[in-house]
Amino acid sequence: MEPSDLVARCVGVTRRFSTPTGSVTALDAVDLDVVRGAFTVVSGPSGSGKSTLLGLVACLDRPDEGRVELNGADIGILGRRQRRRVRRETLGIVLPQPSDNLLDRLDAAGNVAWVSRLRGTDAAHDVEPVLGSLGLSSALHRQVRELSGGEQQRVALACALAGAPVLLVCDEPTASLDRASAGDVIRALRTAADAGQSVLVATHDADVIAAADAVIHLDHGRRT
Amino acid sequence: MAASCALLGVCVAGGPLYVSSAATESVQLQLADICLSDVAVHLPYGPDPFVVAALDHAYATLRQVQDPIVTASVTATYSLAETPKVRRKLVLINRQGQAEQFDPTLPTLADNTVLMPDYLLTTGEYTPGSTELMIQEPPAFQIGSDGQMEPLPDPAPVSMLMVGTYPTIPVRPEPAFWCGWRKELRPNSRGDLPPPVVFANVATISQFNFASGDWEVQPAPDGMTRDDAHAFQRRQDAAVDQFATELGVPDLVAFRQQFAPLSGMGILADRADTVSDLVGKTMAPVRLAGVAVSLLVLCASGVMVARERRRELRLIAIRGGGPAASMPALVRSMALPTIGGAIVGLGLAVLGVRTLGPTPEMETGPLRFAVLSAVVGGLVALAVVTAVTALAGDREVDARPRRIAWRHVPFELIVPALAVAAWVRLDQVGGVRLVGTKARGGDLMAQSFPLLALATPVAILVRPLRALVRRMRHLGRRLPDAPRLGLRRAVAEPLMAAMVVLASAFAAGCLVLSTTLLVSAEQQLVDKATTFVGSDLSVRIIDDIEMPAGLADRATIVGRVTGTVDGMPVSILAIDPATFTGAVHWKADPELADLPALVERLGASGDRAGVIVVGDVPESFDLVGRTRGVSVPVDVIARLDHFPGFTNGTPMVVIDRSVAEAGDLGPFGTTVWVRDPPADAVQLLRDAGARITNEALRVEDVFDVTSFRAVRWSYSALGAFGVFVAFVVFMMQILAIDARRQRRQAAHVLMRRMGFGRRRLIVAGLVEVSIPLILGVAFGVLMGVTVAEASVRRLDTLRQLRPPSVVVVDVGSIVAVAIGTVVAVALLTLLTVVSTTRAEPLEVMRGTV
């Protein structure tokens with residue numbers, strides 16, 4: 001596979017955390033390739049290092065060892081400001097808890113518009129098509145607290161997709177949703193991937209895994 | 001947030017208001033202490049309409065003044081019909097409103113009738129209603145044709161009838177109405193009475209060529225601020241100029257020199273400026289520390305806000321928004337509490353200074369500056385809190401691993417280093433002090449020593465104490481469960497526990513230090529004043545007297561004369577051993593503990609007399625009286641650091657007066673020293689025949705009253721800072737209790753089922769809260785006293801005077817600190833227990849509280 005086919009790549013990344021009882025290795029020399037336009041899933045049991053790996057790819061953390069590349073560039077050596085820019089312009093990030101992805105003080109459209117503005121794209125152009133594509137046309141001006149968990153997570157997905165990021169990084173996007181809502185989110189992710197959006201999801205939800213193009217399995221911080 | 005901004009508001013606004021209040025109180029004290037005539041506007045008065053109009057215009061220029069008082073007077077000579085050749089001086093006077101100064105009011109005088117002081121009746125020469133005075137002016141002069149001054153013919157005497165007397169006007173002090181005429185009322189330096197002041201009406205006085213009129217406008221002292229005093233001075237100058245211009249005075253400069261300097265208001269206001277300078281300099285470290293602590297609290301508040309709004313800030317950071325992206329929302333939500341808090345702080349500062357400061361009067365300028373400071377402080381607070389919150393929020397994600405372990409760098413050593421530098425500086429320049437009307441010494445670094453010395457152990461002990469507390473996690477294994485729980489909770493968060501202990505210590509230290517400095521400074525001034533005066537009262541007299549019975553057990557007569565020892569000047573103090581120890585303060589002075597025994601050893605033994613010396617002189621020497629050059633061989637029987645009556649750096653030799661007189665060391669200047677004098681002590685001396693040469697010197701009058709007040713005002717600010725830190729510690733504890741609330745509630749829901757009831761919870765809370773506070777306060781009291789020991793001598797405002805200052809610990813302040821600690825422990829325990837138990841178990845278990 002050509003390097004240009006990869007939107008993200010991890011090479012031998014290791015991440016350790018200090019705890020009162022000593023050092024814990026969350027990731028141990030893990031490699032990961034995320035193919036452009038593919039729906040890639042990182043699966044594994046709780047504590048296997050999925051979220052840690054996604055955090056490294058999403059510029060939310062730095063590895064102790066190894067390289068993390070986005071579009072072929074090593075993001076581990078970038079400064080805070082540049083990494084912030086990478087997050088803003090290149091990545092769409094979805095967190096497990098729906099409410100953690102949205103600003104309470106704004107409505108659904110406001111949240112999407114806010115992210116669009118942050119990315120420097122045309123907010124008016126983004127809001128309705130993105131929310132509409134996720135079946136949220138009727139929820140445009142509803143406050144976040146008035147939305148169901150599934151709706152909130154789809155709005156979060158809309159926020160992540162606003163401005164067409166290079167890579168969508170979703171950490172356990174269905175973890176706190178019921179089956180029906182989870183189904184909505186999975187369909188939305190699949191649709192995005194089918195539209196050419198690169199998607200990287202960490203999950204142990206079998207339905208998400210089933211919808212993926214590629215699955216990477218982690219256990220105790222190692223790839224299996 | 002609002003509370004921390006209010007703290008900042010109090011700090012930035014309180015400082016200038018307090019300093020201004022001290023200056024204004026200085027003006028008030030001076031006005032209460034001085035003669036208002038001395039600071040009044042004086043202009044020449046004449047009955048001509050254009051003069052009266054000019055005076056009216058001048059009066060209109062003035063503000064905050066009383067009604068004018070016009071005084072007509074003339075100095076002349078008089079003779080009585082029985083003794084026409086004996087001419088005596090008198091002062092004829094008519095001071096507007098003088099009749100009303102007496103009870104009963106004096107009668108209205110007809111032309112050419114006079115009232116004389118009633119003390120003259122004792123001479124038997126005057127009979128009211130029949131004594132006729134022939135009053136004559138001194139001859140006037142004119143420039144003759146040869147250009148020389150030549151006398152005009154003697155003016156004809158004017159006959160005046162003495163129609164009565166008025167009660168003699170007391171002197172030293174004179175009544176406020178007469179204080180401007182003290183020169184005419186007081187005996188001269190030899191104790192001789194002055195020419196009589198005789199009352200007549202204006203027409204009677206006006207017939208004399210040399211009659212003069214004085215137009216006097218006194219300030220209205222009530223509520224007069226320093227600004228008002230300066231304004232009074234400016235308006236006085238303007239009034240004098242306007243009067244001179246209106247009357248066409250040719251030499252304006254000379255006119256100004258004659259009339260403008262009469263007012264001491266400028267000097268008074270300058271002195272108030274000096275006091276404010278002194279208070280400002282002394283307070284500067286406290287103000288700086290107050291602002292620093294407020295900013296620290298603000299930063300801590302920012303971190304807490306960031307924690308509270310963590311979800312939103314983290315989301316902004318995840319989406320790639322920097323601190324700038326989160327700021328608009330933060331500014332919107334925090335503008336009201338920060339600016340509002342600063343304004344509340346301003347209000348508290350105004351209220352605090354008005355109620356607890358030197359005076360409730362407020363100057364407009366500092367008030368305006370305080371408002372501006374509070375607004376700027378509020379904006380700075382908003383910027384700081386927003387920035388800290390935004391930065392803390394930004395650190396929620398992608399926190400770069402620390403390449404440099406900053407936490408291992410001992411930044412805290414900066415504090416002891418600064419303390420050492422301040423110590424050195426304080427030794428060099430001394431504490432801030434009043435020299436004349438100027439504040440000298442005590443720059444910011446020097447004045448910071450007490451605070452830095454207090455902060456040093458706090459800074460040094462943070463790490464070791466934290467490490468120690470960390471090792472105490474398993475403390476109290478054998479204790480019952482309630483105190484064990486309290487103990488372990490107290491040490492559960494080592495940094496927090498260490499901070500509470502040390503911050504409490506700092507607060508208690510500030511309070512104890514401020515009161516110790518204050519009480520010591522007060523004692524120091526009394527000690528120095530007593531040494532300077534000799535006793536509580538010192539009265540110079542012309543001749544020796546038989547001590548009146550009312551003073552016999554507490555007064556002594558000492559003689560002073562200058563002498564030499566090996567050609568070096570010394571001050572000789574000749575004392576009467578029999579009465580000396582009863583008339584001076586010595587019992588509380590360790591240096592003078594053996595005074596009675598020492599004094600008994602004075603006197604001649606063989607051919608050499610024993611002397612006590614202060615200063616550098618040989619063991620045996622010939623004491624030479626400077627006036628007559630006669631010498632007396634003496635041996636030193638004791639060397640002391642100070643002795644009653646020691647006034648300057650010149651060595652002092654204390655000798656038995658009988659020996660000194662026998663050796664002809666005099667003539668001596670004679671002084672009576674009185675310990676614990678009755679109010680009429682000076683009168684008793686007069687009655688005993690003493691001719692008093694000058695004003696009696698009292699301990700309380702030796703040093704300018706404002707000097708000590710300024711020291712008091714300065715150190716009070718340190719105490720206020722202690723209260724401020726204590727409040728911050730208290731708030732910190734409350735916030736910590738709130739932060740631990742949910743965990744406590746969850747634990748309590750389970751523990752309650754296991755029989756851990758409210759009473760045990762109270763015991764646990766009491767142990768948890770009291771241990772760090774009590775340990776901290778005890779340590780702080782110790783620190784406060786220790787730092788005071790190191791500071792008092794160096795901060796001595798009168799180093800040049802003996803004895804050196806001593807540390808006097810104010811037990812009352814320690815008791816107050818102890819009571820405050822008990823109250824704080826009780827409140828915090830109550831809060832801990834209530835916040836833990838006031839929750840629904842189901843909600844607690846669901847985590848929805």
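In this predicted model, Glu172(A) sits in the loop that runs between strand S7 and helix H6 (179-194) of chain A. Although Glu172(A) is not a glycine, its phi is positive, at about 45°. The residue has 21 C-beta neighbours inside 10 Å and therefore counts as buried, the threshold being 20 or more.

Asp664(B) belongs to the loop between helix H18 (657-662) and strand S21 (669-674) of chain B, and because 14 other C-beta atoms lie within 10 Å, it is classed as partly exposed. Another loop of chain B, the one between strand S3 (88-95) and strand S4 (113-117), holds Pro104(B), which is joined to Asp103(B) by a cis peptide bond with omega of about 0°.

Turning to the helices of chain B, Val376(B) is part of helix H10 (residues 364-394) and counts as exposed because it has 12 C-beta neighbours inside 10 Å. Its C-alpha atom is 71 Å from that of Pro139(B), a residue 237 positions away along the chain.

Two packed helices are described by the angle between their axes and the distance between the axes. For helix H13 (residues 449-470) and helix H23 (residues 758-795) of chain B, the angle is about 140° and the axes are 10 Å apart, so the two helices are oblique to each other, and their crossing is right-handed. On the H13(B) side the contact is made by Phe449(B), Pro450(B), Ala453(B), Leu454(B) and Pro457(B), which meet Met783(B), Val787(B), Ala790(B) and Ser791(B) of H23(B). By class, the residues of this contact comprise eight nonpolar, one polar and no charged.

Between the chains, the contact draws on 16 residues from chain A and 13 residues from chain B. On the chain B side, helix H8 (residues 310-318) supplies the largest share, with four residues, and that side as a whole consists of five nonpolar, three polar and five charged residues.

As for confidence, the model scores ipTM 0.92 and pTM 0.74, while chain B averages a pLDDT of 85, with 95% of its residues scoring at least 70.

Notes
Residues numbered from 1 in each chain as written. Chains lettered and ligands numbered in written order. Predicted model: local features only at pLDDT ≥ 70, side-chain atom pairs only at ≥ 80, totals over all residues. Contact = placed C-beta atoms within 7 Å. Nonpolar A, V, L, I, M, F, W, Y, C, P; charged D, E, K, R; others polar. pLDDT = per-residue confidence, 0-100. Axes fitted to C-alpha atoms, helices over the stretch in contact; angles between N-to-C directions. Parallel < 35°, antiparallel > 145°, perpendicular 65-115°, else oblique. Left-handed = near helix turned anticlockwise from the far one by under 90°.
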